[in-house]
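Hello,

Here is the structure I promised to pass on to you. Have a look at it first, and then read my notes below.

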Amino acid sequence: MYFASIFALGFMFGGLRTLALEAFPALTRLGAVLVEVPIILTLAWMVCGVLIARVSLTGSERSAIMMGAFALTLLLTAEAGLSVGLNGLSLQEHLALYGQPSHFIGLAGQCLFAAFPWARVRFFGAPARALQTKP
């Protein structure tokens, strides 16, 4: 659920970024990513909190780490799949993109996204429990 929610948001924001780059020629890809990443991370933080509360993950740091790692694995796999499938890049060419500042910042954002479940459980466990609803 965590991966799917953020992947859908990222896909939507990626489309908006592409349109913005075409509409505003002075806007660079790096500039667009620098605007996009904090928005997606804010939404990821909120989605993560809701999901942790719904599955009663609070108090279990190991489970939270696994949640983040699994979501990151799915996200990177889906991103590579789209890059190879839609853009016609080889996997090596896709991985080389991370050498560009905009892609590197995106990867850093994805790593933060993966750390959110652990951070919420570790540092904000009590507030997350307050979000739980009874069945």
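A residue counts as buried when its relative accessible area is under 20%, as exposed when that area is over 50%, and as partly exposed in between. Leu16, in helix α1 (residues 2-23), has a relative accessibility of 45%, so Leu16 is partly exposed. Together with Met12 and Leu19, Leu16 makes a nonpolar surface patch of about 300 Å².

Please keep in mind that this is a predicted model. The average pLDDT of the protein is 89, and 91% of the residues score at least 70.

Next, helix α2. Its 26 residues (29-54) should span 38 Å at 1.5 Å a residue, and the end C-alpha atoms lie 36 Å apart, which agrees. Buried residues of α2 include Ala32, Val33, Glu36, Val37, Ile40 and Leu41. Just after α2, Ser56 has a positive phi of about 55°.

Which residues does Ala119 contact, leaving aside its neighbours within four places in sequence? They are Trp45 and Phe124. Ala119 belongs to helix α5 and has a relative accessibility of 14%, so Ala119 counts as buried.

Enjoy exploring it!

Best wishes

Definitions and conventions:
Residues are numbered from 1 along each chain as its sequence is written. This is a predicted model: local features need pLDDT of at least 70, side-chain atom pairs count only at pLDDT 80 or more; totals for chains, interfaces and linings use all residues. Side-chain values use heavy atoms; hydrogens and water are left out. Helices (H or I, at least four residues) and strands (E, at least two) are DSSP runs, numbered from the N terminus. The expected span of a helix is 1.5 Å times one less than its number of residues. Buried means under 20% relative accessible area, exposed over 50%, partly exposed in between (1.4 Å probe, protein chains only). Patches are made of residues with over 30% relative accessible area and no salt bridge: like charges are joined within 9 Å, nonpolar side chains (Val, Leu, Ile, Met, Phe, Trp, Tyr) within 5 Å. Accessible areas come from the Shrake-Rupley method with a 1.4 Å probe; for residues, only the protein chains shown count as cover. A salt bridge is a side-chain nitrogen of Lys or Arg within 4 Å of a carboxyl oxygen of Asp or Glu. pLDDT is the predictor's confidence in each residue, from 0 to 100. Contact means heavy atoms within 4.5 Å.
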